[in-house]
Amino acid sequence: MKYKYAIVLTGCIASGKSSVANILKLYGFKVIDADEISHNVLDELANEIAQIFGKEFVDSKKVNRKKLGEYVFKDKFELTKLENLLHPKIKERIYKLADELEKTNFPYFVDIPLFYEKKNYDFNKVVVVYTPKQTVLKRLTKRDKIDEKTALQRLNLQIDIEEKRKMADFVIDNSGDLKHLNAQIEKFISNLKKIYSFSL
C-alpha cells in the first residue's frame, strides 16, 4: 500500500467537509485540498477554458467559476468535458503532495469531494462527512443563494450521501450543531490513535 497514512475526506456538496477540514487542521493534521488545487489548475487553463466553453467564462485571464459552474452543472456532458480537462492535472498534484506527507509517518487527510464518483485515486481509507439530504438542501440554497430545484440538480450529480456513508471506513456525523460536530471529530481522532498509534 503506497499511501499508508492517507485518509480521504469526502461527503457531498454542503455536507460540511470544509468545517471538518478546518477543525482537523487545528488538531495539527495536514490536509491536501483538492478544491484549492482545482481552482489553481482552472486559472492556469483559462485559455483552454475559453476555447472549449467560450470566452464569456473568462474575465482577464481568470475563470469565472460561478458562471462556469452554473453552465456545466446543467449539462452532464459539459461537466464531464470540464472534469476530463482538470482531473489529470489535479490528481498529479495531489499525489505529489501525498508523496511528501507519507515521509512524515503520520496520518494526513486528502479532501476530495468527488472521490467515490471518480474512483481513480489510490487511497484506501475514507472518512465521510455525513449530513442528511434535506439538511444539505437547506444549507446549499442558503450558502449559494440558489433555489431548491437548482440545489437538487447539483446534488443529484453526485452519489447519494446514504450510499457514501455505507462505503466509508469512518463516518463523521454533521447533522447537528458545532458542539455535536466537535464531539464527533474527537471520537474519530480517538479511533485513529488506536489504528496509527500516535499522540497529539
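## Sheet and strand pairing

Two strands count as paired if DSSP finds at least two bridges between them. In this predicted model, strand 1 (residues 6–10) and strand 6 (residues 125–130) meet that criterion, pairing in the parallel sense over four bridges, and within this pairing Val8 has Val126 of strand 6 as its bridge partner.

The two strands belong to an open sheet of five strands, whose order is 2-5-1-6-7 and whose pairing is parallel. Strand 2 (31–33) and strand 7 (170–173) stand at the edges with a single partner strand each, so one side of each is left without a neighbour in the sheet. From one strand to the next, the twist averages 25°.

## Helices on the sheet

Helix 1 (residues 17–26) packs on the sheet, where it touches strand 1, strand 2, strand 5 (108–111), strand 6 and strand 7, and its direction makes about 145° with that of strand 1. Helix 10 (residues 178–196) lies across strand 1, strand 5, strand 6 and strand 7, and runs at about 160° to strand 7.

## The annotated binding site

An unreviewed UniProt entry places the feature "binding site" at Ala14, Ser15, Gly16, Lys17, Ser18 and Ser19. From this set, Ala14, Ser15, Gly16, Lys17, Ser18 and Ser19 are taken into the lining of the largest pocket.

Two of the annotated positions, Ala14 and Ser18, can be described in more detail. Ala14 lies in the loop between strand 1 and helix 1, and its relative accessible area of 10% falls under the 20% limit, so Ala14 is classed as buried. Leaving aside neighbours within four places in sequence, Ala14 is in contact with Val136, Arg139, Leu140 and Arg143. Ser18, by contrast, has its place in helix 1, and because its relative accessible area of 52% is over the 50% limit, Ser18 is classed as exposed.

## The largest pocket

Rolling a probe the size of a water molecule over the atoms shows where empty space is left. In this model, about 1,500 Å³ of space lies in the largest pocket, which is lined by 47 residues, and of these Ile13, Asp35, His39, Phe73 and Pro113 lie nearest its centre.

The elements that give two or more residues to this lining are helix 1, strand 2, helix 2 (34–44), helix 4 (65–72), helix 5 (76–102), helix 6 (115–118) and helix 7 (133–144). Helix 5 provides the largest share of the lining, with eight residues.

Notes:
Residues are numbered from 1 along each chain as its sequence is written. This is a predicted model: local features need pLDDT of at least 70, side-chain atom pairs count only at pLDDT 80 or more; totals for chains, interfaces and linings use all residues. Side-chain values use heavy atoms; hydrogens and water are left out. Axes are lines fitted to C-alpha atoms, for helices over the stretch in contact, and angles run from 0 to 180 degrees between N-to-C directions. Contact means heavy atoms within 4.5 Å. UniProt positions are given in the numbering used here, feature names are shortened, and annotations may be inferred rather than shown by experiment. On a 1 Å grid over the protein atoms alone, a cavity is a set of points where a 1.4 Å probe fits but cannot get out, and a pocket is an open set with protein on both sides within 12 Å along at least five of seven lines; lining residues have an atom within 4 Å of a point. Buried means under 20% relative accessible area, exposed over 50%, partly exposed in between (1.4 Å probe, protein chains only). Grid points are joined across faces, edges and corners, and a volume is the space filled by probe spheres set on the points.
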